Amino acid sequence: PGALPEEALLRCADEPIAVPGAVQPHGVLLAVTEPDLAVVVASANAQELFGRSVAGLDQVLGAADLAALRGGLAGDLAELNPLRVQVSGAEMDVVVHRADGLLLTEWEPVFGAEQVGAAWHRRLPAVLQRLSATATLDELTDVLARDVRTVTGFDRVMVYRFDAEWNGEVIAEDRREDLEPFLGLRYPASDIPAQARALYATNWMRIIPDAGYRPVPLDPPLTPSTGRPLDLSGAMLRSVSPVHLEYLANMGVVASMSVSLIDGGRLWGLIACHHYAGPHRPSYADRVAAEFLGRTASLLLPTTVAAGEQSGIVEVASRQAQLAAVVGRTPRGLAAALADGEVTALDLLPAGGAAVRLDGQLRLLGATPPADRVEPLVRALLAAGRPVTDAVSGVLPDAADLAGTASGVLAVEVPGGREDFLAWFRPETVREVTWGGNPYTSKTAQTAAGPRLSPRRSFDAWSETVRETAQPWRPHEVAAARTLAGDLADAALSRAAEDNRLAG
Ligand code: BLA
């Protein structure tokens, strides 16, 4: 009892996900030697599937299938997968890869429900065309979510993007109509711990067809040649962490699949799929199709993201030019022009609200703190030398109650000694998550290993870390704000000169 959250999160990162010592029950794993294909390690359900104990692959494969397997072993194993074979009249997909000096063969019976994306390769050109025709990250991820859902038949498909601290946000979603949207929801880094992210940065896909499954142990538990449990990091049947299964249960998820999105070797995000109605197991071919879409999107990501950032910069620059023109042609009443004109100060950059104080007049736009709080807030930030902040309450604890509108403030003085300023406000990013029908309930779960953080607890922990913080201000936004303030100062100077000339 009383374990610190950090300790519990560390335990999370200790989950031995590469060597769980067990597989999921929707298939059988046989690890064999090469070239004789003698079984060294088998999952405990092998006998049940094959109707006998298996000492070598030649006992279960027909001559033709055996020849096809042997023939493929010299080349790229990925090209062999899946090998469709007949075992005592039943069709199976066999998928192979190497680990721990052994050939790991995974056997998955083919079920009737395999038709969802069977004709997928015929649609491939259209799908690729759709993906590559997208111009923005929103479009790309929308198309990706939709097509992965079409191919796999999951109830919900999300595109999940990591931030610099490995927290994540659902940035695109396609779902069954009646489901509550998750779009825009954010999750803490601990929901996908470091060792899982490391694995997902090299292994593109994982599937849990039925999160209520009973793990099937490996026999023997320790591989004789290594003295360790078999490395299952590349195995499609790998049994997943019990913590994660608890997480899925808390979310009401029965089946889960995720495909990595990788940008230059770095895990950029995940395509995360949920099924709620019951177990769901897309065929191997359909899973590969989803992986293919993830890989293709991954190739398109860097240019799409860069284009988006560039267009954000261009957008701010063009608004800045428009506002400069307004300032240039408005000799009097600039506060009103910037607040009520066709292009306002709030349009300059993405923000929830803005304040314009010119010639002693204060004008507020959008969502801002109450009028009587704005000026003291901005002056205090300027006085503290922290006019640009995404965590106001860290600078001014008394302003914590303004987090809903002003967790982030970008303030600039208008030079000229009139105490004029411009300010932009951003709200805190945290939003409460309400799980329709299946609220997170358990807080700290007691397990044999001691207290563990449940997903609900981790969300609370994350909320604490990001509460009262806003989207950070980008350098070009700060620069544009300063330029506008400079333009206003110039306008004030030329107006003063004009007044002097008229008076003189
Ligand atoms: C794994 N956590 C995962 C995975 C996802 C998430 C997608 C990959 C496995 C899969 O495909 O199901 C998280 N899933 C999400 C999130 C959403 C979603 C954020 O749909 C948002 C909509 N998880 C916790 C805590 C721990 C934890 C507190 O919340 C640890 C104590 C662990 N998550 C955890 C572990 C794995 C994991 C260990 C690896 C599972 C594995 O591959 O074995």
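This is a predicted model: local features need pLDDT of at least 70, side-chain atom pairs count only at pLDDT 80 or more; totals for chains, interfaces and linings use all residues.
Q: How many residues surround the ligand, and which are the closest?
A: The ligand is surrounded by 29 residues, and the closest of them are Cys12, Tyr200, Ser256, Ser258 and His274. Sorted by class, the shell holds 18 nonpolar residues, 7 polar ones and 4 charged ones.

Q: How far is the polar side-chain atom of Tyr200 from an oxygen atom of the ligand?
A: For Tyr200 the distance is 2.5 Å. The side chain of Ser256 has an N or O atom 2.6 Å from an oxygen atom of the ligand, and for the side chain of Ser258 the corresponding distance is 2.6 Å.

Q: How much of the ligand's accessible area does the protein cover?
A: On its own the ligand has 880 Å² of accessible area, and the protein covers 99% of that.

Q: Switching topic, at what angle do helix 9 and helix 15 pack?
A: Helix 9 (residues 284-329) packs with helix 15 (residues 475-503) at an angle of about 10°, and their axes are 10 Å apart. Because of that angle, helix 9 is roughly parallel to helix 15.

Q: Which residues make that contact?
A: Helix 9 contributes Gly312, Ile313, Val316, Gln320, Leu323, Ala324 and Val327, while helix 15 contributes His476, Glu477, Ala480, Thr483, Leu484, Asp487, Leu488 and Ala491. By class, the contact of these two helices has 9 nonpolar, 4 polar and 2 charged residues.

Q: What about helix 5 and helix 6, how do their axes cross?
A: The axes of helix 5 (residues 120-132) and helix 6 (residues 137-152) cross at roughly 170° and come within 10 Å. Angles over 145 degrees count as roughly antiparallel, so helix 5 is roughly antiparallel to helix 6.

Q: And which residues meet there?
A: From helix 5, Trp120, Arg123, Val127, Arg130 and Leu131 meet Leu140, Val143, Leu144, Asp147, Thr150 and Val151 of helix 6. That contact has 7 nonpolar, 1 polar and 3 charged residues.

Terms used. Residues are numbered from 1 along each chain as its sequence is written. Side-chain values use heavy atoms; hydrogens and water are left out. Axes are lines fitted to C-alpha atoms, for helices over the stretch in contact, and angles run from 0 to 180 degrees between N-to-C directions. Helices (H or I, at least four residues) and strands (E, at least two) are DSSP runs, numbered from the N terminus. Angles under 35 degrees count as roughly parallel, over 145 as roughly antiparallel, 65 to 115 as roughly perpendicular and the rest as oblique. Contact means heavy atoms within 4.5 Å. Ala, Val, Leu, Ile, Met, Phe, Trp, Tyr, Cys and Pro count as nonpolar, Asp, Glu, Lys and Arg as charged, and the others, Gly among them, as polar. A residue is near a molecule or strand if one of its heavy atoms lies within 4 Å of it. A polar contact is a pair of N or O atoms within 3.5 Å; within protein, one must be able to donate a hydrogen and the other to accept it, and residues adjacent in sequence count only if both atoms are side-chain atoms. Accessible areas come from the Shrake-Rupley method with a 1.4 Å probe; for residues, only the protein chains shown count as cover.
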